Amino acid sequence: MADKNNAALIDDIKPINKVTFKQRMLSYKRKPLSFVMLLLVALAALISAAALVFIIVYVLVRGIPNLTPELFALTYNSDNVSCMPSIINTVVLTLLTLVIAVPFGIGAAIYLAEYAKKGNKLVKLIRTMAETLAGIPSIVYGLFGMLFFVYALGWGYSLLAGAFTLAIMVLPTIMRTTEEALLTVPDSYREGSFGLGAGKLRTIIRIILPSAMPGILAGIILSVGRIVGETAALIYTYGSATGYATGFLNSGRSLAVHMYVLTNEGLHTDQAWGTAVVLLVLVFAINTLSAFIAKKLGTKKG
Amino acid sequence: MDKFIIDNMNLYYGSFHALKNVNLNMPKNKITAFIGPSGCGKSTLLKSLNRMNDLVEGCKITGDIKLDGTDIYSDMDVNVLRKKVGMVFQKANPFPMSVYDNIAFGPRTHGIKKKSELDRIVEESLRDAAIWDELKDRLKKSALGLSGGQQQRLCIARALAVKPEVLLMDEATSALDPISTGKIEELCLKLKDDYTIIMVTHNMQQALRISDNTAFFLLGEMVEYNSTDAVFSSPKDKRTEEYITGRFG
């Protein structure tokens with residue numbers, strides 16, 4: 001109650017340090033260039049936001065009317081072009097890719113940040129390679145995946161080939177973001193832990209990894225975004241079979257590939273828009289969920 | 001009875017000779033203070049006593065450092081040493097977890113898993129660090145939300161929780177206000193019944209107030225070591241006298 005009264009009182013105060021609209025305009029009159037700058041940056045912000053909003057609204061307007069029950073039928077046929085199998089395939093593919101990439105990515109990052117000596121040549125080489133790998137177009141990974149996993153190992157177009165290809169693709173991202181996150185953990189935490197007689201392994205698992213978790217999670221989320229949105233690397237590895245990929249060596253299509261195929265065939269453009277809405281919602285859901293998890297971990301951190 | 005015996009110790013950082021031929025015996029259940037201007041090597045010496053210098057690349061040590069007669073560099077496991085010789089750092093460094101988990105981290109590290117046992121240790125450590133009454137209702141809250149002085153006493157409690165024999169304090173009060181500093185000084189005087197305390201301090205009044213023995217360092221050399229009263233009332237070396245009377249440093 002007292003707080004409420006207080007807040008009302010504070011609202012009534014007329015602060016002397018408040019810059020009024022009139023004062024601001026006067027200062028711009030004295031410095032016209034700074035006014036022009038303000039207009040330019042405001043315009044840039046507006047255009048960036050508008051482009052984004054335009055795309056989203058456009059996809060929604062074209063897509064939502066096509067969100068028919070048939071689009072979510074349990075089985076695919078060439079009439080309903082259901083995206084249900086591809087939704088499930090995308091989820092399975094994402095999980096499998098992460099199961100492969102996350103342990104290696106985090107493990108490599110722990111080695112680089114905690115074990116390797118500073119200024120080690122090997123570390124520098126690995127970092128440079130990781131950065132280079134992160135910049136390679138995904139079709140190159142697709143081609144490699146096709147030649148190596150699909151043909152050389154004889155896995156054919158399959159869940160396994162797709163997941164391994166994408167795992168290699170997102171590995172540098174996970175590794176680099178994890179390493180950055182580990183390096184931002186203050187050394188005082190390490191000293192504190194060692195000072196209590198804890199060994200290196202215990203310090204890493206109990207103190208350093210939990211502190212770095214939000215950063216590590218951010219890297220994983222970034223990777224999930226890339227996996228869900230990937231087409232080029234998947235067409236030649238995971239293939240584009242229309243059913244559920246029920247085994248490791250089965251082919252299937254992810255949602256993005258499904259959309260690509262629909263658009264490419266030109267027969268089901270409306271359904272492609274509907275699928276685009278589903279993809280949009282999926283990505284939005286992943287981002288919201290991850291932001292929520294990161295916040296949860298963050299508050300726990302203090 | 002000497003707890004720590006340092007014999008002919010030299011320390012180098014790369015090619016820099018940071019500690020020169022140090023000989024020092026530190027008695028049990030006393031407070032020994034290291035004083036001297038910044039960069040004189042007193043913190044470096046303190047960190048050699050629980051081998052925190054092992055983490056510094058290019059750090060080379062020669063000579064002997066013995067804890068209760070055992071050479072800590074050749075005949076003792078480093079984690080055992082650090083359990084016996086706890087450390088409180090200049091800047092309070094609570095882990096980003098609850099007050100309870102901060103204190104329980106050490107005991108858990110050394111194999112104590114039983115909840116009742118951990119509860120007992122947490123309460124006892126916080127009581128010993130004179131912070132139980134302030135924190136008993138916030139054991140599950142994050143330690144990062146505490147004030148600076150509380151955080152530092154929490155860190156002392158955390159160090160006490162592993163039942164060390166020696167407590168190293170590296171300018172543990174330099175970032176604190178006078179009231180928090182006073183509480184920690186009181187605490188040290190109480191703790192010396194059970195622990196051997198070795199502290200680095202920039203505050204000569206503090207050394208005078210609470211320490212039993214004082215060692216004065218200058219440019220990597222131990223200039224003078226004697227009972228605190230003797231060092232402050234009748235320093236034998238001219239450099240010590242100049243430093244404690246504030247003519248340099």
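Helix 6 of chain A passes helix 7 of chain A in a right-handed crossing. Bear in mind that this is a predicted model.

Let's stay with that helix pair for a moment. Two packed helices are described by the angle between their axes and the distance between the axes. Here the axes of helix 6 (residues 138-152) and helix 7 (residues 159-183) of chain A come within 9 Å and cross at roughly 135°. Helix 6 of chain A and helix 7 of chain A are therefore oblique to each other. On the helix 6 side of chain A, the contact is made by S138(A), Y141(A), G142(A), G145(A), F149(A) and V150(A). Helix 7 of chain A answers with A161(A), F164(A), T165(A), I168(A) and M169(A).

Is L171(A) buried or exposed? With 21 other C-beta atoms within 10 Å, L171(A) is buried, because the cut-off for that label is 20 or more. Leaving aside residues up to four places away in sequence, L171(A) touches A101(A), F104(A) and G105(A).

Over in chain B, E242(B) sits in helix 10 (residues 238-244). E242(B) counts as partly exposed, because it has 14 C-beta neighbours inside 10 Å.

Both residues also come with a C-alpha separation to a partner elsewhere in their chain:

| Pair | Distance along the chain | C-alpha separation |
|---|---|---|
| L171(A) and G105(A) | 66 residues | 5.5 Å |
| E242(B) and I5(B) | 237 residues | 28 Å |

Back to chain A for helix 5 (residues 121-135). At 1.5 Å a residue, its 15 residues should span 21 Å, and the end C-alpha atoms are 22 Å apart, which agrees. How many of the 15 residues of helix 5 of chain A are buried? The count is one, so helix 5 of chain A is hardly covered, where buried takes 20 or more other C-beta atoms within 10 Å.

Finally, the contact between the chains. It takes 24 residues from chain B and 17 residues from chain A. On the side of chain B that touches chain A, helix 2 (78-84), strand 6 (85-88) and helix 3 (99-109) of chain B each supply at least two residues. Which element gives the largest share of that side? Helix 2 of chain B does, with four residues.

Definitions and conventions:
Residues numbered from 1 in each chain as written. Chains lettered and ligands numbered in written order. Predicted model: local features only at pLDDT ≥ 70, side-chain atom pairs only at ≥ 80, totals over all residues. Contact = placed C-beta atoms within 7 Å. Axes fitted to C-alpha atoms, helices over the stretch in contact; angles between N-to-C directions. Parallel < 35°, antiparallel > 145°, perpendicular 65-115°, else oblique. Left-handed = near helix turned anticlockwise from the far one by under 90°. Expected span 1.5 Å × (residues − 1). Buried ≥ 20, exposed ≤ 12 C-beta atoms within 10 Å, placed from the backbone.
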